[in-house]
Amino acid sequence: MASSTNVHLSPAELSYLHTSLSLNPPIRPDGRSPTQYRPLSAETGILPGTNGSARICFADGTEAIVGVKAEVEKTRRRWDDDTIFGENQNQEEGEEQDEGEEQGSSDWVELTVEIPGYRDDDSGTVFLGQMLCEALLADGGFVRRLRINRRFHWKVYLDILLISPPLSYPLPLLSLTTHLALLATRLPKLKSEGDEDPFFDDDWAAAPYLYARNPTTKRVTERPPVTLLVMAVGGNVIFDPSKEELAVADVVLAVSVGDDASSREGRMDVDGRSNNSGRNLKLLSIRTVDPPSRLTPPGVANAANSAYGHAQVVSTGANQKMPEARQTESEAVEGVWKPPRGGAKAVVMGALVQKVLVRGGVADEVLDALEGVDTS
Amino acid sequence: MPITILPPKPSHPPPSPHDISDADSELSSDDGGGGAHLDFASLGLPSHQKSTHPPNNPLFTNLVTPGTLITPDHQWMRGHGTYIPPSTTNITSSLAGITTRTNKLISVSPLRARYTPEVGDLVVGRVLEVQAKRWRVDINSIQLASLPLSAINLPGGILRKRTETDELQIRTFFAEGDLVVAEVQQLFQDGGAVLHTRSLKYGKLRNGLFVALSGQGGGSGVVRSRRQVWTMEGQNGGGKMDVILGVNGYVWISKHIEQVAKELEQKHMGITNMEESVSAGVYSSQNDFIDSATMREIARLRNVVTALVENGCRVDEDMVIRGYAEACEMAMLGETGAEDIYLGGQRGEELTRALRN
């Protein structure tokens with residue numbers, strides 16, 4: 001899927017961008033370091049009618065809001081599921097059975113993405129939604145939280161809206177906003193017990209968070225996933241690329257990572273300290289994003305340019321017949337843009353993922369920064 | 001820290017009144033007489049309109065949105081950005097902007113608008129369509145401008161009628177996506193512009209970076225000024241840089257190429273053949289070699305321009321040159337020295353604060 005359908009950049013600009021991003025260290029057009037994100041402002045709880053919501057703005061005016069709504073739904077039973085009839089006999093000894101039972105289904109989450117100027121069923125929009133959904137559902141941890149009892153569950157609707165026109169590929173923005181909205185999501189407190197029809201406390205102040213806080217430190221113990229956009233150009237790895245940078249990318253990857261809280265708890269017991277810098281990151285999903293650079297027009301070298309120099313406009317016959325064909329498969333010339341051909345190398349892909357997952361790396365820092373946002 | 005997350009600001013800080021009045025007087029100077037800010041009290045408007053905004057800020061007191069009643073009094077004349085609903089005498093705003101009064105004429109100048117072309121403006125544009133005898137160029141106006149095949153210089157400076165061969169080879173001059181610097185030659189009734197590149201200064205752009213600033217109005221963006229194109233020295237080992245501030249808000253920053261002198265020297269050409277030799281590279285899309293120090297300084301200059309716009313300053317030669325000097329100084333004082341060219345977020349605010357003082 002093309003990450004941006006029509007890139008209008010001239011071959012000279014593309015060549016310049018490619019050269020400056022391939023330098024060591026790369027010079028990004030907006031001056032960021034390779035791992036730096038654009039500064040953003042975030043807030044949560046902006047929509048009173050939702051269970052949880054968040055809004056994130058970039059300085060260039062790109063803005064996204066996410067609302068989370070939850071409703072109670074009856075769990076559909078599978079054809080081979082006889083627990084309802086068996087449950088009366090098994091209730092007392094049902095410990096083990098509960099373990100196996102605590103699974104959710106992926107249709108408990110409905111995620112829609114809306115991007116102004118694009119249709120709902122536009123392939124780009126659908127692909128974005130699928131990527132975000134995939135990360136949420138990847139390890140089944142999220143849907144497990146939505147279970148109320150054996151007969152009922154929460155159905156969660158995630159509405160992701162980009163308010164501004166997409167100035168750059170909006171995946172990181174939408175993912176960060178979704179992350180914050182889920183952190184701020186609260187569900188009414190359950191008063192009923194066991195498998196009876198759910199009955200809730202109508203005091204909103206008592207409502208627990210979907211992602212529970214540690215009662216002493218007020219810190220979130222487990223966190224929703226985030227999806228990072230990473231690209232490689234030349235020998236450099238660049239995070240959170242802007243539109244121009246994407247236009248010269250060799251490889252673009254969307255990497256979803258989660259915080260593996262269970263293993264962290266275990267380690268904390270051993271170490272006896274809660275360390276922030278070294279969280280255990282869990283790779284949830286990887287998607288390659290088709291870089292728009294492949295669709296860009298190639299530049300014309302001066303040697304092959306009939307409008308260059310003192311050459312007469314009426315040129316020789318061979319040139320005149322197929323000027324385009326001659327241009328496309330020319331040798332690489334310094335300073336002339338040539339779109340990348342062929343697939344991504346496995347080594348490059350490996351390096352990209354490694355760079356995301358390294359302890360204390362970018363994913364870690366992003367999760368730390370998101371932790372600093374007030375979600376109460 | 002690769003990511004900074006800030007709490008939201010209450011609202012975008014308005015541009016300082018000083019900047020606004022500057023831009024106003026320059027923009028409206030050709031109408032004879034600068035726009036004066038409209039005083040609501042003198043129009044006898046209900047006072048609740050004012051009380052919603054901080055009364056001490058002149059920008060807020062004059063801010064209107066589409067549909068806002070400006071005055072019901074029929075002694076005023078309606079100007080741009082206003083309308084009178086049928087069977088009433090109410091002058092009503094049709095834009096979000098600031099009301100201005102010139103004698104008895106009330107008009108609303110928008111907070112942000114697209115570029116309105118005027119004959120003689122220097123613009124930077126991007127070719128979006130190629131047609132049989134002309135190009136359609138995006139110049140940030142409400143319509144695409146057209147650049148006829150007859151309004152460009154042919155390579156080598158040949159003067160002749162454009163033939164069918166030229167029409168067939170139209171893409172060898174400019175293709176889709178190419179950036180051109182041009183001048184507005186003519187305007188149509190509906191606001192559409194016709195461009196020309198019949199000068200050695202104009203033509204295809206290469207060796208640099210492009211920045212598109214948002215529309216005009218509100219005191220930020222490019223303002224028409226004496227010089228839109230200049231060459232400046234790069235600091236920290238960078239070479240000379242060319243800056244083109246298109247009046248339409250498109251900016252091009254590139255490495256300066258001493259083409260004239262070099263070519264003349266090589267070919268021992270006289271001043272009379274200068275046009276021929278200079279225009280040789282006009283349709284090239286091959287970049288020259290650019291050293292990394294110059295690339296860094298070009299990126300720094302681009303960041304200065306974006307920081308100016310993000311913080312509501314006008315963009316002109318003076319501001320850009322001062323901003324660049326300030327940015328170099330800020331970088332030298334920082335930890336990483338000249339390598340650090342980042343000017344987003346709080347650094348940009350610091351920069352503009354230093355410029356305003």
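Me: Which residue meets Arg28(A) in a salt bridge?

Reply: Glu245(A) does; the two side chains come together with N and O 2.9 Å apart. Keep in mind that this is a predicted model.

Me: Where in chain A do Arg28(A) and Glu245(A) lie?

Reply: Arg28(A) is in the loop between helix H1 (11-22) and S1 of chain A, while Glu245(A) is in helix H7 (residues 243-246), so the pair ties together parts that are 217 residues apart in sequence.

Me: Buried or exposed, those two?

Reply: Arg28(A) and Glu245(A) are both buried.

Me: Which residues are in the network of salt bridges with them?

Reply: The network links Arg28(A) and Glu245(A) with Asp30(A), Arg32(A), Arg38(A) and Asp240(A). Within it, Arg32(A) forms a salt bridge with Asp30(A), with the closest N and O atoms 2.9 Å apart. Both Arg32(A) and Asp30(A) are buried.

Me: And how many salt bridges over all chains?

Reply: The search of the whole structure gives 29.

Me: What about chain B, say Arg160(B)?

Reply: Arg160(B) has a salt bridge with Asp166(B), 2.9 Å from N to O. Arg160(B) counts as partly exposed because its relative accessibility is 30%, a value between the 20% and 50% cut-offs. Asp166(B) has a relative accessible area of 0%, so Asp166(B) is buried.

Me: Changing topic. How many residues does each chain put into the contact?

Reply: Chain A gives 55 residues and chain B gives 52. Together they bury about 4,500 Å², and 60% of that is on carbon and sulfur atoms.

Me: How many salt bridges are there between chain B and chain A?

Reply: Two. One of them joins Arg126(B) to Glu13(A), where the closest N and O atoms are 2.8 Å apart. There are also 14 residue pairs in polar contact across the interface.

Me: Which elements of chain B supply at least two residues to that side?

Reply: Among them are strand S1 (5-6), strand S10 (122-130), helix H8 (274-278) and helix H9 (292-310). H9(B) has the largest share, with eight residues.

Me: What is the side of chain B that touches chain A like by class?

Reply: That side has 24 nonpolar, 18 polar and ten charged residues.

Me: Parallel or antiparallel, the pairing of S1(B) with the chain A strand?

Reply: Parallel: S1(B) pairs with strand S1 (residues 40-44) of chain A over two bridges. In that pairing, Ile5(B) of S1(B) has Leu40(A) opposite.

Notes
Residues numbered from 1 in each chain as written. Chains lettered and ligands numbered in written order. Predicted model: local features only at pLDDT ≥ 70, side-chain atom pairs only at ≥ 80, totals over all residues. Heavy atoms only, no water. Contact = heavy atoms within 4.5 Å. Buried area = accessible area lost by both parts, 1.4 Å probe. Salt bridge = Lys/Arg side-chain N within 4 Å of Asp/Glu carboxyl O. Polar contact = N/O pair within 3.5 Å; in protein donor to acceptor, adjacent residues only side chain to side chain. Helix = DSSP H or I, 4+ residues; strand = E, 2+ residues; numbered from the N terminus. Nonpolar A, V, L, I, M, F, W, Y, C, P; charged D, E, K, R; others polar. Pairing = 2+ DSSP bridges. Buried < 20%, exposed > 50% of the residue type's maximum accessible area, 1.4 Å probe, protein only.
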